[in-house]
Amino acid sequence: MAEIRIRSTNERISGEENVRAFLDNQEVLYEHWEASKLPAELHNKFVLSDEEKQTILSTYDEEIRELAARRGYQIWDVISLSDATPNIEELLKKFEQIHTHTEDEIRGIVSGRGIFIIKGDEETGYFDVELEAGDVISVPENRAHFFTLMDNREIIAVRLFIEKDGWVATNLEDPAFA
């Protein structure tokens, strides 16, 4: 289950109802998929073949299509990151830049853990959303954010896109980020 840390106060928010209420207030979509649906042999496997990625998409097909129909997504894929990922350090440097997109950025975590750092309203400032298997989050378009791995450095996520070329990031320098 997701947990939130508000960076300016170090306050933590946990529990599905509390997390959902906080994120709703910040206009961030939060939902939950059944993590146990993932085939057991893929639970802790972070180097995936194309066939295994297709298995993940097939496993969550109903959830993906329902979300896509509601929110206008046209295409989706699976991303898997771990220390075994070629050029992982370069990828993380790219991911760990504050940026925005012209469409929302969504991830459905199916295994492992990750974290979105999101700029909230003026009173809240930046907050971390620590995600684990089953958590689904969508950061609104034009909202400053970035995504990275947590200490375990392992994640598998479904990404959904409106545009066929995927997200195009516009990097920002934000002195409010600490």
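**View 1. Asp-83 and its salt-bridge partner.** Asp-83 is exposed, with a relative accessible area of 52% (exposed means over 50% relative accessible area, buried under 20%, and partly exposed in between, with a 1.4 Å probe and protein chains only). The side chain of Asp-83 meets that of Arg-153 in a salt bridge, at 2.6 Å from N to O. This pair links distant parts of the chain, 70 residues apart: Arg-153 sits in the loop between strand 9 (145–149) and strand 10, and Asp-83 in the loop between strand 4 and helix 4 (88–95). A salt bridge here is a side-chain nitrogen of Lys or Arg within 4 Å of a carboxyl oxygen of Asp or Glu. Helices (H or I, at least four residues) and strands (E, at least two) are DSSP runs, numbered from the N terminus.

Two notes before you look further: this is a predicted model, in which local features need pLDDT of at least 70 and side-chain atom pairs count only at pLDDT 80 or more, while totals for chains, interfaces and linings use all residues. Residues are numbered from 1 along each chain as its sequence is written, and side-chain values use heavy atoms, with hydrogens and water left out.

View 2. Side chains of opposite charge can pair when their charged atoms come close. A search of the whole structure finds 17 salt bridges. One of them joins Arg-20 and Glu-16 at 2.4 Å, N to O; both residues lie in helix 1 (residues 16–25), four residues apart, about one turn of the helix. Arg-20 is partly exposed, with a relative accessible area of 27%, and Glu-16 is partly exposed at 30%. Another salt bridge joins Glu-52 and Lys-45, at 2.4 Å from N to O. Here Glu-52 is buried, with a relative accessible area of 17%, whereas Lys-45 is partly exposed at 32%.

**View 3. The two sides of helix 3.** Which residues of helix 3 (residues 61–71) are buried? They are Glu-63, Ile-64, Leu-67 and Ala-68. After helix 3 comes Gly-72, whose phi is positive, near 85°.

**View 4. Strand 6 and its neighbours.** Two strands pair if DSSP finds at least two bridges between them. Strand 6 runs antiparallel to strand 8, with four bridges, and to strand 10, with six. Look for Gly-108: its bridge partner in strand 8 is Val-136, and in strand 10 Gly-108 stands opposite Val-158. Five bridges pair strand 6 with strand 9 in the antiparallel sense, and there Ile-117 has Phe-146 as its bridge partner.

**View 5. The hairpin of strands 6 and 7.** Seven bridges join strand 6 to strand 7 (residues 126–132), and the two run antiparallel. Phe-116 stands opposite Val-129 in strand 7. Six residues lie between the two strands of this hairpin, and Gly-125 in the turn has a positive phi of about 70°.
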